[in-house]
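Student: I have a structure to go through with you. Can we start with its surface?
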Amino acid sequence: MSVTGPAADHPLTLADYESAAQRRFEPDVWDFLAGGAGQERTLAANVRAFEGTRLRPRVLTGIGRPDTEVRMLGRTWAAPVGIAPVAYHALAHPEGEVATAHAAGPAGVPLIVSTFASRAFEDIAAAATGPLWLQVYCFRDRATTRKLIERAEQAGFEALVLTVDTPRLGRRLRSERARFRLPAGIEPANLAHGDYSSPSDHALAEFDPSLDWSVIDWLRAVSTLPVLVKGVLTAFDARQAIAAGVDGIVVSNHGGRQLDGAPATLEALPEIAAEVAGACPVLLDGGIRRGTDVLASLALGADAVLIGRPVLHGLAVGGQEGVQRVLDIVTGELAEAMTLTGTRSAAAAGPELVRPPTLPAPRQVPAPPNGSGLRKEDLHGSLCDPVLDTMNFLNEITHRYPEAISFAPGRPYDGFFETEQIFTHLRRYLDHLETSGASPAEVRSALFQYGPTSGQIRELIAESLRRDEDIDVPPESIVVTVGAQEAMVLALRALIRGPEDVLLVASPCYVGITGAARLLDVVTTAVEEAGDGFRCADLEAAILAEKARGRRPRAFYLTPDHSNPSGNTMPLGTRRELLDLADRHDILILEDSPYRMVSPGQQLPTLKSLDRGGRVVHLGSFSKTLFPGARIGFAVADQLVTDRTGGTGLLADELSKIKSMVTVNTSPVSQAVVAGMLLAADGRTSQLNTETAAYYGDAMRVTLTELATCFPEDERAALGVRWNEPTGGFFLAVTVPFRADNAALVRSAEEFGVIWTPMSYFYPQGGGDRTLRLSVSYLTHEQIAEGVARLARFIRAQGHS
């Protein structure tokens with residue numbers, strides 16, 4: 001046996017447990033354990049960083065019992081503390097990880113089980129009453145790793161923690177000097193029999209040294225469990241991890257050998273937390289020896305911490321009871337520290353709690369002159385929602401790789417615009433005002449003053465809708481907006497009264513509507529399209545389900561023509577069926593329709609032109625058809641609104657009230673330029689878009705032809721590549737044999753010079769992981785051909801990796 005000497009009587013601190021444990025271990029075993037999984041200096045640096053951090057006390061805060069609970073990956077932990085993965089618990093106690101699991105459950109904290117656990121996953125799971133996660137090393141033989149994951153998942157483990165800073169275990173200098181070998185009978189219970197007696201030699205021989213970020217995709221292909229990465233020490237790697245789609249990051253520096261001078265975990269934490277900015281949980285592992293260390297970690301950006309060696313010390317001294325006591329000490333000290341610093345909850349811990357004189361200041365944006373600052377957690381929760389980062393991420397990729405061909409932007413082709421046209425259109429509108437009898441002062445005011453909130457070109461828009469779309473509504477029912485995006489915000493704010501009201505959206509759908517809903521705290525329910533497109537039966541089922549929950553389905557948003565992102569178009573029969581359904585269930589339809597006039601051929605009737613029951617609020621835009629930079633959109637809201645006195649008005653009037661508090665009015669100059677364009681075509685935007693519609697139609701046909709050329713049918717079937725064939729619009733969807741996420745996008749741009757959009761951005765409740773969106777509008781035909789060829793090379797390479 002490796003344990004000697006009597007147990008200490010009732011240690012009071014983690015340091016007491018460490019001293020007692022050291023007396024129980026033979027020197028060579030203690031050297032192995034005390035050295036951690038990396039150099040001895042690593043652990044010492046971590047501990048020193050915490051010792052140099054001072055918490056700032058507060059008085060008269062009125063705090064009774066602080067709330068130490070945290071929510072992590074769908075589970076509530078009793079404290080922001082988990083048990084870190086440590087190999088070979090049987091070195092400390094014969095029951096090994098089983099005793100540790102018995103202790104973790106009552107403490108309400110998770111246990112991360114090492115790949116090199118000395119007890120079987122199934123036995124550990126049988127003893128556990130709390131969450132179990134599996135620490136994963138990626139072996140050269142991926143089948144070995146896959147089998148471990150499958151066993152753990154079947155046993156009920158809830159997450160995977162990939163150690164990313166090691167293709168080999170760190171050098172344990174003291175152990176190497178002593179030529180340490182694991183004692184007989186101590187070996188990993190979940191791996192095939194072999195020689196594990198020298199951990200460093202085994203790691204060097206068996207761990208895959210060629211891992212890159214594509215391993216995250218591989219893990220997701222073999223398991224449905226959330227994936228965290230352990231061993232991140234820089235903001236750059238944190239950014240890569242987020243791009244790869246990880247579910248959590250563990251700041252840790254003792255999984256493998258570290259560079260001399262590498263930062264302590266607490267030193268690395270602030271810049272990583274700032275980079276992640278709430279996109280996923282951040283945990284810290286390394287150097288935690290007191291409850292004050294836990295609070296300092298929370299203050300500097302961690303969501304929770306992991307404790308490893310102290311748990312092993314408790315296990316050695318007192319088995320299950322010793323582990324429970326260690327956890328009690330840490331959580332008790334944490335609660336006391338929270339009380340003394342006036343910290344009501346774990347979530348409320350912020351950087352103002354600490355005075356870390358020995359740590360370098362975290363990278364920050366310079367504070368304003370008055371020194372004020374804001375905490376991200378004090379801002380609206382939508383600012384941590386990934387949907388608000390999607391466009392920024394795409395823009396960043398586009399600027400980072402300017403030589404790449406980009407199928408990402410859904411904007412009009414630049415070749416149609418000439419600068420001098422602006423002045424021609426502006427003059428035409430001014431002439432129109434003068435001809436209509438406006439005085440010079442009125443003409444001047446129409447350009448220079450704010451103008452009416454509802455818009456000053458509503459008559460021209462109403463006439464255009466009659467001529468182009470057979471939508472016959474009075475000008476008073478129209479609100480001119482700053483793009484269709486503002487029209488969406490106004491409609492949502494007016495129609496959704498409170499949390500009992502629900503917005504239903506077709507899925508996939510345009511991120512602008514889900515982003516707007518998130519900003520307004522509007523509950524959304526996705527109605528996923530089937531393989532052959534949208535089905536009214538699915539919408540009706542969603543409506544009934546929401547009513548059964550006691551909520552009121554209020555409106556349904558969709559783009560029926562050449563939708564963004566899929567490019568699909570709703571058949572005429574489905575349009576009529578949808579209007580009938582809206583009548584039956586008393587819901588409104590938000591019809592977003594920006595791509596009709598830029599698509600070739602005769603278009604199906606809009607929902608609004610078919611609407612006889614006042615069910616459709618039509619959202620329109622001139623950004624795709626006339627002038628993107630003008631940012632002129634509109635809402636057609638001719639529904640009657642009745643107040644409590646019986647008085648009636650139009651929904652458009654209510655939208656105008658909201659607009660007066662948002663943008664006040666839409667730019668009169670922008671309205672004037674768009675009005676001049678409408679006047680030039682006698683209100684028919686279809687005439688102005690004859691050439692552009694033909695161009696975009698040809699661009700779509702070129703894209704489809706190039707895809708078919710690059711992927712012959714036999715190869716297409718073998719790879720699992722397929723795409724739809726839209727008849728217009730800017731977009732089509734391509735299904736690929738791998739996870740089309742941010743990490744794949746970065747590789748595509750960097751190594752193959754082609755950019756696209758992950759379709760998962762457009763699924764508000766998950767989906768589209770193996771589909772990408774191509775936009776064909778912004779490229780020349782030559783760029784499309786070259787871009788598709790690059791895309792094909794990327795898909796083949798990614799599909800075979």
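Tutor: The protein exposes about 33,800 Å², of which carbon and sulfur atoms supply 51%; the areas are Shrake-Rupley values with a 1.4 Å probe, and for residues only the protein chains shown count as cover. This is a predicted model: local features need pLDDT of at least 70, side-chain atom pairs count only at pLDDT 80 or more, and totals for chains, interfaces and linings use all residues. Residues are numbered from 1 along each chain as its sequence is written, and side-chain values use heavy atoms, without hydrogens and water.

Student: What share of the residues is buried?
Tutor: Of the 801 residues, 55% are buried, meaning under 20% relative accessible area with a 1.4 Å probe, protein chains only.

Student: And how many helices and strands?
Tutor: There are 29 helices and 27 strands, taken as DSSP runs of H or I with at least four residues and of E with at least two, numbered from the N terminus.

Student: What is the strand order in the open sheet of seven strands?
Tutor: The order is E14-E20-E19-E18-E17-E15-E16, with mixed pairing; strands pair if DSSP finds at least two bridges between them.

Student: Which strands stand at the edges?
Tutor: E14 (478-482) and E16 (523-528) do, and each has a single partner strand, so one side of each lacks a neighbour in the sheet.

Student: Which way do E17 and E18 pair?
Tutor: E17 (residues 552-558) and E18 (residues 588-592) pair in the parallel sense over four bridges. Tyr-557 stands opposite Leu-590 in E18.

Student: Which strands does helix H17 touch?
Tutor: H17 (residues 458-469) packs on the sheet and touches E14 and E20 (632-636), with contact meaning heavy atoms within 4.5 Å.

How values were computed: Buried < 20%, exposed > 50% of the residue type's maximum accessible area, 1.4 Å probe, protein only. Axes fitted to C-alpha atoms, helices over the stretch in contact; angles between N-to-C directions.
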